[in-house]
Protein chains: 2
Amino acid sequence: MEIPEIIRNRRSIRAFSKRELPEEAAEVLVRAACMAPSAGNLQPWEFIAVSNPETKKRLADAAYGQSFVAEAPLVFVVCAVPGRSSWRYGKRGSDLYCIQDTAAAIQNLLLTATANGLGGCWVGAFDEERAARAIGIPEGVRPISIIPIGYPAETPSAPPRRPVSEVLHRERY
Amino acid sequence: MEIPEIIRNRRSIRAFSKRELPEEAAEVLVRAACMAPSAGNLQPWEFIAVSNPETKKRLADAAYGQSFVAEAPLVFVVCAVPGRSSWRYGKRGSDLYCIQDTAAAIQNLLLTATANGLGGCWVGAFDEERAARAIGIPEGVRPISIIPIGYPAETPSAPPRRPVSEVLHRERY
């Protein structure tokens with residue numbers, strides 16, 4: 001058994017070259033994201049693709065000054081829509097499935113970026129209210145991640161992982 | 001730009017052949033899962049690999065009688081450990097990052113299964129307490145997903161997706 005190259009090669013990229021992205025980049029990445037599984041196929045996600053420099057600056061500010069966010073050619077704000085999961089699954093839908101589904105979609109997006117020579121970083125530390133205001137996200141739609149995307153200008157090595165022998169339990173915990 | 005085949009080909013598989021898995025399956029799948037990004041590289045996840053028939057039956061019961069869970073040769077119970085994220089990130093760590101990180105790990109696991117001719121299904125609908133009791137999960141470790149894995153005995157087509165034009169917003173929501 002083999003682990004796919006894109007899973008082994010994905011890194012969190014925080015430095016980007018000036019090289020422009022293919023025109024179809026946002027669409028292809030979001031199409032891949034949407035192939036993630038979701039509870040009841042409800043697809044409780046929305047993607048905002050930002051390339052305007054002033055808006056990117058506002059997003060970097062919302063992310064407590066993580067300036068690399070503004071330096072990427074393309075920045076996604078990924079949103080979860082709790083109401084889309086809760087009408088069918090209640091609180092478990094809004095608090096769990098909705099977050100899981102959207103996270104699986106983000107992982108598809110990052111892996112597809114890797115497969116196409118791009119890189120990105122999963123930014124979770126930001127002020128949701130400020131990010132929402134920067135791009136007009138309405139009530140009931142929750143920005144849960146900011147993902148800057150571009151051609152990498154760094155080649156970080158893989159961070160250390162907990163050993164599988166510690167993480168994997170057999171038959172019982 | 002291309003979408004990787006494993007992302008396009010992954011399906012939710014709920015019917016499994018009798019064929020045995022390679023001995024290293026659980027380890028390889030968990031190794032791939034652990035390559036997912038996690039906030040602060042905290043890796044707030046644990047995996048229990050179950051193949052004992054009686055335990056699988058108890059997990060299927062905890063999943064409200066979804067009998068295909070017991071029919072897979074290998075069943076993962078994937079856990080999030082909120083305390084591992086919250087010591088550093090507070091409530092955002094335990095309620096958001098911890099779930100996202102573990103979900104990204106699950107998506108890696110499912111894609112690696114696909115790449116190796118296996119299939120699985122992300123089961124979220126189950127009683128966490130009963131699942132925890134079935135395999136001795138302690139306090140502070142939260143089972144958030146049950147993932148049966150095996151060789152597929154069905155070839156479902158891709159479920160319909162919301163069109164990208166609806167899901168992708170440009171510059172503003």
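Analyst: Let's start with helix α6 (residues 128–135) of chain A, whose buried residues are A:Ala131, A:Ala134 and A:Ile135. They span an arc of only 75° around the axis, so they sit on the same side of α6(A). Keep in mind that this is a predicted model.

User: OK, and which exposed residues are on the face turned away from the buried side of α6(A)?

Analyst: A:Glu129 and A:Arg133 are the exposed residues carried there.

User: What covers the buried residues of α6(A)?

Analyst: The cover includes β1 (45–50), α3 (53–62), β2 (74–80) and β4 (142–150), which belong to chain A.

User: Which residue just after α6(A) takes a positive phi?

Analyst: That's A:Gly136, with a phi of about 70°.

User: Before we go on, what pLDDT does chain A average?

Analyst: Chain A averages 98, and 100% of the residues score at least 70.

User: Switching to the sheets. What's the strand order in the open sheet that contains β3(A)?

Analyst: Five strands, ordered β3(A)-β4(A)-β2(A)-β1(A)-β5(B), with mixed pairing. At the edges are β3 (119–120) of chain A and β5 of chain B, and each pairs on one side only.

User: How many bridges hold β3(A) to β4(A)?

Analyst: Two bridges, and the strands run antiparallel. Within β4(A), A:Ile149 is the residue opposite A:Gly120.

User: And where does α5(A) lie?

Analyst: Across β1, β2, β3 and β4 of chain A, at about 5° to β4(A).

User: Let me pick a residue from that helix. Is A:Ala105 buried or exposed?

Analyst: A:Ala105, found in helix α5 (residues 82–115) of chain A, counts as buried because 29 other C-beta atoms lie within 10 Å, and the cut-off for buried is 20 or more.

User: Leaving aside neighbours within four places in sequence, which residues is A:Ala105 in contact with?

Analyst: A:Ala33, A:Cys34, A:Ala36 and A:Trp45. As for A:Ile144, 39 residues away from A:Ala105 along the chain, the two C-alpha atoms are separated by 12 Å.

User: Now the other sheet. What's the order in the one with β5(A)?

Analyst: β5(A)-β1(B)-β2(B)-β4(B)-β3(B), an open sheet of five strands with mixed pairing. β5 (168–170) of chain A and β3 (119–120) of chain B stand at the edges with a single partner strand each, so one side of each has no neighbour in the sheet.

User: What joins β3(B) to β4 of chain B?

Analyst: Two bridges join β3(B) to β4 (residues 142–150), and the pair is antiparallel. B:Gly120 faces B:Ile149 of β4(B) there.

User: Which helices pack on that sheet?

Analyst: Helix α5 (residues 82–115) of chain B does, touching β1 (45–50), β2 (74–80), β3 and β4 of chain B, with its direction at about 5° to that of β4(B). Helix α6 (residues 128–135) of chain B packs on the sheet as well, touching β1, β2 and β4 of chain B, and its direction makes about 70° with that of β4(B).

User: How many of the residues of β2(B) are buried?

Analyst: Seven of its seven residues. B:Leu74, B:Phe76, B:Val78 and B:Ala80 point one way, while B:Val75, B:Val77 and B:Cys79 point the other way. In a regular strand, side chains alternate between the two faces of the sheet.

User: And how is β2(B) bridged to β1(B) and β4(B)?

Analyst: β1(B) is joined to β2(B) by six bridges and runs antiparallel to it, with B:Val77 as the bridge partner of B:Ile48. Seven bridges join β2(B) to β4(B), also antiparallel, and there B:Phe76 stands opposite B:Ile147.

User: Last topic, the two chains. What rotation superposes chain B on chain A?

Analyst: A rotation of 180°, with 0.0 Å of shift along its axis and an RMSD of 0.0 Å. That is how a two-fold axis relates copies. The C-alpha in chain B nearest the axis belongs to B:Ala104, 2.6 Å from it. Both copies use the same surface, as 100% of the contact residues of chain B recur in chain A.

User: How many residues of chain B are in contact with chain A?

Analyst: 64 residues of chain B are in contact with 64 residues of chain A. α1 (5–9), α2 (25–33), β1, α5, α7 (164–167) and β5 (168–170) of chain B each supply at least two residues of that side. α5(B) gives the most, with twelve residues.

How values were computed: Residues numbered from 1 in each chain as written. Chains lettered and ligands numbered in written order. Predicted model: local features only at pLDDT ≥ 70, side-chain atom pairs only at ≥ 80, totals over all residues. Least-squares fit on C-alpha atoms with pLDDT ≥ 70 in both. Contact = placed C-beta atoms within 7 Å. pLDDT = per-residue confidence, 0-100. Pairing = 2+ DSSP bridges. Helix = DSSP H or I, 4+ residues; strand = E, 2+ residues; numbered from the N terminus. Axes fitted to C-alpha atoms, helices over the stretch in contact; angles between N-to-C directions. Buried ≥ 20, exposed ≤ 12 C-beta atoms within 10 Å, placed from the backbone. Arc of directions from axis to C-beta.
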